[in-house]
Amino acid sequence: MRATSIIFRRELGAYLRSPVGYVIAALLLLVCGILFQAKALGEGKLLSATVLQRFFEFSSGTTVVMAIALSIRLIAEERQTHTLILLNTSPVRDAEIIAGKFLAAFVFLSGIVLLSLYMPLLILVNGKITASQVAVGYIGLFLIGSASLAIGIFASSLARHQLVAAALGASLAGIMYLLYELAKKMPAPLSTVLQDLGLWQAHFQTSFMQGVFSLKDLVYYLSVTYFFLLLAAKTMEAKRWQ
Amino acid sequence: MIRAENVSKYFGAKRALGPVSFEIEEGETVGFLGLNGAGKTTALRIFACDLRPSAGTVVVGNIDAVQKPHEVRKLVGFLPENPPLYGDMLVREYLQFAGRVRGMSAPALKKRMPEVLDLTDLTEVQNDMIFTLSHGFRQRVGVAQAIVHEPKLLILDEPTRGLDPVQIVEMRNLVRNLKKKHTVLISSHILTEISETCDRLLMLGDGEILASGTEESLLSKVEPNAGSWRISIAVVPKAEDDREAALKKLLTGLSGVSEVKDSGREDDALAFEVLAERDIRAELCRALVEGGHGVVRIGGSARNLENIFLKLVHGGERARN
């Protein structure tokens, strides 16, 4: 726990010092703003609940993209710049390294996601939605962001170069997203299993995006996060002490 | 401090090290010498618990490195070939991170920081970003991160790599200071580096130990009958018929000279290489001048380590422990 906290502080500091983090944040807010104007406000008269749903629909996409972008550097960059050896030769467990890095990325990602809060607040002030709808939507964004970060960290733990990590992370997240579409072509019970494994449709679109808090979906995202973080830690362990 | 028994390391089917066996006592400074690819870095990474040996036993400070790597990591400070530096951190901040991650408490670190900064001469740049530092300073920060937690065993892999001559001398002095408190392992392919800082040498070639011992003991094993000084001299002889033969006779007759070789001509001068048991440059110069000859150049060097190294590396006899 102590080592996790030390690594968390170092990584969060790295995000806050690096221009890359701010560039990613600025791009996310720009894209969100444009999409908010085009998809939510610019399509004639809509129910405010529908506008909010559309906001969370594209925000979930940008959150996933940003999570992958933020996470790929976490281990692959350290390998590339030979700094990982400092952690590898220190009395720190692989799980502590992964946890510290994940938590830092999650806090930074959450901060950026919260910067988009002014958009749903505009809907809240001018439309007929409740604060709990907004809160549930944001919980969903944090959860899908957390799962995507874990996928990205796992990809980063596999790769020696950041570009390879990016390609791996994006592919994994893409596959997780497409599982739902694939499920439609499959017979039961395989279709049910694949639908339930999908990253977005079965767990975000039908619940958090609608303002509905679902314990099942909360457990799903936490499980995906844990699973990929565990894989990342095991990969680190296998590579560290070869 | 270190006991290695039949340690070997394979990367796939390729053998990088071993099997090698040796012991290093507490307080010793041991130099790992060898050409690139000899297995020096692999050996050091195994002792630093960065690599797991493919076979064999490694015990560091009475702890089995394979069974309890974390316990061994607490005892070791490691400066790899490329110092593991985060360019986006301040020097002080980075050293604090390195200390904390190696298990130091905040108060202990606070007390230790001025000592480390002073020892590595980094006090002036402690508030500078690492990416702004020169190569020499970065190397010093690399050493500082390795010693910040006061490890019993300090492992320095090519600490003078890429440094200019002034920085090399500074680094050498730093290592001499570190010898007082730590058992030190240094790898290098620069002979003088090892010769000037280490108590004992381990010569590696093709993953095996070619020789081990002090410089003197290795020399006596490799070249028991050869002199240890190589003196190069250029002489303008006084006018005589057989000038070269006369000069050679004079040089060979001097006390301590074991062999005299012709090295050709340098303008009007005749050049020789004199192998001697000791440094006899003064006597040699005096004898030549008193004989009426003119000495236009004289130089010499102890040929110990270079000779041992070349003989062993080029497939000469193997002097094992």
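Trainee: Is Asp267(B) buried or exposed?

Mentor: A note on the model before I answer: it's predicted, so local features need pLDDT of at least 70 and side-chain atom pairs count only at pLDDT 80 or more, while totals for chains, interfaces and linings use all residues. Residues are numbered from 1 along each chain as its sequence is written, with chains lettered from A and ligands numbered from 1 in the order in which they are written. Now, burial is a neighbour count: with C-beta atoms placed from the backbone, a residue is buried if 20 or more other C-beta atoms lie within 10 Å of its own, exposed if 12 or fewer, and partly exposed in between. Asp267(B) has 7 other C-beta atoms within 10 Å, so it is exposed.

Trainee: Where does Asp267(B) sit?

Mentor: Elements here are DSSP runs numbered from the N terminus: helices are H or I with at least four residues, strands are E with at least two. Asp267(B) is in the loop between strand E12 (257-266) and strand E13 (269-276) of chain B.

Trainee: What is phi of Asp267(B)?

Mentor: Most residues other than glycine have a negative phi, and most peptide bonds are trans. Asp267(B) has a positive phi, near 55°. His82(A) isn't a glycine either, and its phi is positive at about 65°. You'll find His82(A) in the loop between helix H4 (73-80) and helix H5 (84-88) of chain A. With 14 other C-beta atoms within 10 Å, His82(A) is partly exposed.

Trainee: Which peptide bond is cis?

Mentor: Look at the one from Ala188(A) to Pro189(A), where omega is near 5°. Pro189(A) belongs to the loop between helix H9 (162-183) and helix H10 (190-197) of chain A.

Trainee: How many residues does each chain give to the contact between A and B?

Mentor: Chain A gives 18 residues and chain B gives 24 residues. On chain A's side, H1(A) gives the most, with five residues. That side has nine nonpolar, seven polar and two charged residues.

Trainee: Which residues touch the most other members of the largest nonpolar core?

Mentor: A nonpolar core is a set of buried Ala, Val, Leu, Ile, Met, Phe, Trp, Tyr and Cys residues joined through C-beta atoms within 7 Å. The largest has 143 residues, and those touching the most other members are Leu109(A), Ala150(A), Ile153(A), Phe47(B), Ile155(B) and Met203(B). Helix H8 (residues 131-158) of chain A gives this core the most, twelve residues. Leaving aside neighbours within four places in sequence, Ile155(B) is in contact with residues including Leu44(B), Phe47(B) and Leu185(B).

Definitions and conventions:
Contact = placed C-beta atoms within 7 Å. Nonpolar A, V, L, I, M, F, W, Y, C, P; charged D, E, K, R; others polar.
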